[in-house]
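Here are my notes on the model. Please read them with the coordinates open.

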Amino acid sequence: MREQNQAATVRVFIALAPPDDAKEELAQALRPAYDAYPRMRWNRVEDWHITLAFLGELPKPAVSLLRQPLAELAARRQPLRLALRGSGHFDERVLWSGIGGDLEGLRLLAGEVRTLVKEHGVTFSDRPLNPHLTLARSRRDDDSSVVRAATELCGFSGRTWRAERLHLVGSNFGRGPGPIHYRDIEAWPFGSAGCGQGKDVGHAVTAPGGWMTGCSC
């Protein structure tokens, strides 16, 4: 029964992905942390993403129904100018990099994506958007590595880049004792991906209070 359920459904989310040069820049900054905290469960660089809407486990037909509407939404939108800046943690357990740049545009895009998904009959946990890029998680017996790593990465300020594609991602690939791997189900270029440079609105970085702790030094 479990195998049949996995074959009939897929765990999906909608996201943006930094380009390779921006990811490599952050990966270089993380090298001391990789060496200092080898027991942390580090996400693969190729899996780094900025989630706009996490939809959870969906029947495959429901996922297929979202493809054309998402493609049309992407065609109407311009690329966003973003950056990876600062760092922080969730509850001292999850290490993340903050997002800088056109945060207003990012929130508007996320709102449009979530509205579209609901209009097509998909229900999901519509939590407030806290833009971030998850880097690693601590193990159960480690209550300090994430906090130290976040402090050491706090001053990171990466280059500005353009988010040029909207990604529909499956995250149930590789389930088991090892890390979960992600794979694009499909990705669509934004309508003006080849035109102009958009805008860079400076060094704004998301760092909501409460359960999400961070800095943008």
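1. Helix α3 covers residues 60-76, and its length checks out. At 1.5 Å a residue its 17 residues should span 24 Å, and the end C-alpha atoms are 26 Å apart, which agrees. The expected span is 1.5 Å times one less than the number of residues. Helices (H or I, at least four residues) and strands (E, at least two) are DSSP runs, numbered from the N terminus.

2. Some ground rules. This is a predicted model, where local features need pLDDT of at least 70, side-chain atom pairs count only at pLDDT 80 or more, and totals for chains, interfaces and linings use all residues. Residues are numbered from 1 along each chain as its sequence is written, and side-chain values use heavy atoms, with hydrogens and water left out.

3. Where does α3 bend? The bend is at R67 and comes to about 30°. A proline, P69, follows within four residues. The bend is the angle between axes fitted to the seven residues ending at a residue and the seven starting there.

4. Parts of α3 are buried: A62, V63, L66, P69, L70, A71, L73 and A74. Buried means under 20% relative accessible area, exposed over 50%, and partly exposed in between (1.4 Å probe, protein chains only).

5. L84 sits in strand β4 (residues 80-90). L84 has a relative accessible area of 1%, so it counts as buried. L84 and L26 are 58 residues apart in sequence, yet 7.7 Å apart in space, C-alpha to C-alpha. Beyond four places in sequence, the contacts of L84 (heavy atoms within 4.5 Å) include P18, A22, L26, I99, L133, F156 and W161.

6. Aromatic pairs next. Rings of Phe, Tyr and Trp (its six-membered ring) pair if their centres lie within 6.5 Å; planes under 30 degrees apart are stacked, over 60 edge-to-face, the rest tilted. The count is three pairs. The ring centres of Y34 and W42 are 4.7 Å apart with planes at 85°, so this pair is edge-to-face. Y34 is partly exposed, at 23% relative accessibility. F90 and W96 make a tilted pair, 6.2 Å centre to centre with 45° between the planes. Both F90 and W96 are buried.

7. The protein has five helices and ten strands. Of its 217 residues, 47% count as buried. Among contacts with a separation of 6 or more, 80% join residues 24 or more positions apart. The accessible surface (Shrake-Rupley method, 1.4 Å probe) is about 11000 Å², and 50% of that belongs to carbon and sulfur atoms.
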